[in-house]
Structure formats: structure tokens, C-alpha cells
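Subject: Structure handover

Dear colleague,

Here is the structure for your files.

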Amino acid sequence: MSLLEAIRSALSAIGANALRSALTMLGIIIGVAAVIAMVAIGSGARERVDSQIKSLGANLAIIQAGNVTQGGVRLGAGASSTLTDEDAKAVAAEVEDVVASASVITTRAQAVYAGTNWSTTITATDLDFFTAREWGLAEGRLFEPEELRRGEIVAIIGQTVAKNLFGESDPLGQMFRIRNVPFKVIGVMSGKGQSALGQDQDDVIFVPLDTGRRRIVGRNYARDRSVQTIMVKFASEEAINPGIEQTRALLRQRHRLTEAQEDDFIVRNLTEIANTATAAASTLSWLLAAVAGVSLLVGGIGIMNIMLVSVTERTREIGLRLAVGARQRDVLSQFLIEATTLATIGGAVGIALGIGAATAIARFAGWPFVISPQTILVAVGVSGLIGVFFGFYPARQAARLDPIEALRRE
């Protein structure tokens with residue numbers, strides 16, 4: 001029997017018991033649909049995590065003020081300003097493979113323009129910040145070195161601030177106030193979107209570092225040239241861990257810490273955090289797919305069961321075929337093809353339902369989803385393999401029937 005004839009015979013047998021065949025395929029349909037939908041949603045979530053983390057910039061380490069002990073009392077992380085401009089400059093000059101080392105101070109304040117106001121994050125920083133964050137301008141310009149040196153009252157605003165404070169008018173060149181200090185808009189940043197923690201990164205106003213210290217944040221920072229954070233960008237991911245160790249040693253030396261004293265700063269590897277988050281999202285995606293794959297196992301058992309019933313019902317037919325010269329492998333291949341056809345048709349229907357389910361879930365919940373051709377090909381291949389695996393035993397039982405005994409059965 002040729003392959004085409006075997007497929008035609010399999011389709012005829014499936015069509016002769018359409019309802020039973022449909023119910024048999026149901027397990028495969030549900031399993032494939034669940035796998036496609038879960039992998040699509042999981043992949044979309046992983047891509048969202050990746051994009052949010054990448055928006056922070058690549059190969060970053062963050063240095064923050066750490067714990068300080070006064071009179072035997074541990075004040076906790078960030079309780080005192082232990083980092084300065086000079087620390088940032090020293091890191092840039094003495095640590096290998098540092099591309100940028102930015103001093104940062106942040107606070108929240110009300111920005112006022114004409115009859116409109118908006119509460120936002122004020123970030124006082126220098127030019128290295130934009131290099132570290134890989135953040136470009138939509139229009140206008142960045143701070144000039146002379147503006148940073150003199151502490152000019154100029155500002156660069158994020159997209160969210162531009163929309164809520166200035167509306168449809170062009171913000172460039174406009175004057176607005178932060179805590180009664182007038183600022184001139186010289187630039188508008190390109191959009192960054194939400195961070196991995198769900199914060200709007202575009203809801204920000206950047207001002208020169210010294211301006212922020214003297215005019216907005218307060219005199220304590222201005223007096224000792226303190227900063228809250230130093231953002232360090234390295235040349236490559238491989239350079240981060242060695243660079244962090246060099247940075248830690250350098251800052252301990254600069255802060256005159258003895259071996260018995262703990263660090264008065266905290267260093268965080270953002271790339272390591274990013275990789276962990278991506279791995280967690282990927283693991284969750286495959287875990288969901290594995291749970292959904294249980295339905296495929298149930299569907300395969302259903303195919304085995306119905307094929308065993310089919311062998312029992314068609315015993316005389318099998319005996320007749322064997323009696324007129326059909327070989328055992330012909331009978332084996334016929335039932336294997338029938339089981340594989342059942343599984344493949346179920347897989348195709350499941351793929352269509354899975355894509356539909358992923359689309360519906362994504363639209364309802366506002367989640368992203370990604371359906372790759374590889375996932376669809378794997379689903380089709382797995383469906384076929386299930387048909388072969390679970391159909392082999394019934395097919396072998398059919399092929400091993402004795403023709404004489406089969407013909408005698410009623």
C-alpha cells in the first residue's frame with residue numbers, strides 16, 4: 001500500500017466515525033492550544049521585561065550611600081550622604097573600562113508653568129548620566145560644560161512632563177518654575193517608557209548637578225558636594241564584576257575605612273539583576289508550557305484508547321487483508337498513519353485556537369504576546385510524534401493478529 005493510499009484510508013476511517021474522532025482529538029486540541037497560548041504570553045512577558053531593563057542602559061552598576069553608624073546606632077542605608085562628586089571622578093579616572101561615571105541627586109517637586117503645574121521627579125546630574133543611560137534627545141540640546149560648571153538654571157524635560165506641563169505648545173525656550181526658581185527648557189528627551197518596576201521614566205526633569213544642589217535639594221548636599229547615587233557604565237558586561245571590585249576597593253580607600261569597618265556605600269550590578277529577571281520570566285514561560293503539555297499526554301492516551309477500540313472493531317477487516325497477501329508492516333503503517341493523522345489534525349486545530357486564545361487574553365489583559373514560527377513547527381511536530389508514540393502499540397497489535405483467528409471472530 002502506498003503512502004497516499006494509506007492516508008486516504010486513514011481519512012476514510014476517521015470520517016466514518018466523525019464524532020468519536022473529534023472527541024479523541026479534543027485532548028490534543030486543548031493541549032496544543034494551551035501550549036501555544038502559554039508560550040506566546042510568556043514570550044511576550046519576557047520581551048517586555050527585556051525592553052524595560054534595556055531602557056535603563058547596558059552594563060550599568062549603581063553606587064548608593066550605605067549604612068552609617070553614629071553613637072552605636074546603625075542608621076541604615078542612605079541615612080547619610082557618603083558619596084561625593086570627587087568619588088565619581090575618581091571612579092572614572094582610576095577604574096578600568098569605565099565609559100561614564102555620573103553623579104546623581106533626585107527629589108520630587110512641583111513644576112509650574114503659567115496656570116499649569118505638575119509634580120515630577122527632579123534629577124540633578126551631569127552629562128555622563130545621558131551616556132550611561134544611553135538616552136538621547138527628541139529635540140533641543142544637552143547641558144553645555146560651562147552651564148554645568150556655573151550651575152545655570154536650565155532644564156531638560158521628559159516626554160511626560162512636556163505633555164502635562166506644556167500641552168500642545170512647544171516647550172523649547174519656555175520658562176517655568178521649580179520651588180519658585182525659574183528654569184529655561186533647553187531640551188526634551190526621547191521616550192523611555194516604563195521601568196521594570198512600572199515607573200514612568202519620562203516623568204522627569206533634568207537640571208545641572210550644582211543647580212539642583214543649591215537651588216532645589218538643599219544646602220546639606222551643596223555644602224559637602226554630596227550626591228545620592230553614582231551611576232557607572234562599563235565598556236562590556238565582562239568588565240562589570242572586576243570593575244565593581246576595583247570600585248569597592250577605591251571607595252573604601254577614599255573613605256578611609258579600616259578592615260573592621262563595613263562599606264558605607266552599596267554597589268548594585270544592574271546587568272546581573274536584568275539577567276536574573278529575564279531568566280525568571282523565561283523559566284515561568286516554560287513552566288506554564290510544561291503544565292499545559294500535560295493535556296497533550298492525556299490526548300495521546302485518548303488516541304491509544306480509541307485506536308485499540310478500532311483494532312477490535314476491525315478485526316475481520318484486518319484478518320481479510322492479511323489473508324489476501326497484506327504484510328504485517330502494511331497493517332502497522334496503516335494504523336500508525338491513522339493515529340498520526342488524528343493527532344496532526346488535532347494539532348492544527350489546536351494551533352488555530354491557541355493563537356486566538358493568546359490574542360484574546362493579550363487584548364483583554366493588556367499583555368504583550370509573541371508567537372514564533374518555531375513554536376508552531378514544534379507544536380505540529382509534537383502532535384505527529386504523539387500520534388506515532390501512542391499509536392504504535394495498537395498498530396502492532398493489529399499487525400500481529402493471526403489471519404485465521406481474525407476471520408473467525410464475529
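This is a predicted model: local features need pLDDT of at least 70, side-chain atom pairs count only at pLDDT 80 or more; totals for chains, interfaces and linings use all residues.

The side chain of R150 forms a salt bridge with E146, with the closest N and O atoms 3.8 Å apart. Both residues belong to helix α5 (residues 145-150), where they sit four residues apart, about one turn of the helix. In general, an α-helix has 3.6 residues a turn, so residues three or four places apart point the same way. E146 is partly exposed too, at 33% relative accessibility.

Another salt bridge joins the side chains of E144 and R141, with an N to O distance of 3.9 Å. Since the cut-off for a salt bridge is 4 Å, this pair is within it. E144 has a relative accessibility of 40% and counts as partly exposed. R141 is also partly exposed, with a relative accessible area of 31%.

How many salt bridges does the structure hold? There are 13. One of them brings together the side chains of D85 and R213, at 2.6 Å from N to O. This pair links distant parts of the chain, as D85 lies in helix α3 (residues 85-94) and R213 in helix α7 (residues 209-217), 128 residues apart.

Are the two partners buried or exposed? A residue counts as buried when its relative accessible area is under 20%. D85 has a relative accessibility of 5%, so D85 is buried. For R213 the relative accessible area is 1%, so R213 is buried as well.

The last item is helix α9 (residues 240-254). Does its length agree with, or depart from, what its residue count predicts? With 15 residues at 1.5 Å a residue, α9 should span 21 Å. The C-alpha atoms at its ends are 20 Å apart, which agrees with that expectation. The buried residues of α9 are I240, G243, I244, T247, L250, L251 and R252. After the helix comes R256, which has a positive phi, near 55°.

Regards

Technical notes:
Residues are numbered from 1 along each chain as its sequence is written. Side-chain values use heavy atoms; hydrogens and water are left out. Helices (H or I, at least four residues) and strands (E, at least two) are DSSP runs, numbered from the N terminus. The expected span of a helix is 1.5 Å times one less than its number of residues. Buried means under 20% relative accessible area, exposed over 50%, partly exposed in between (1.4 Å probe, protein chains only).
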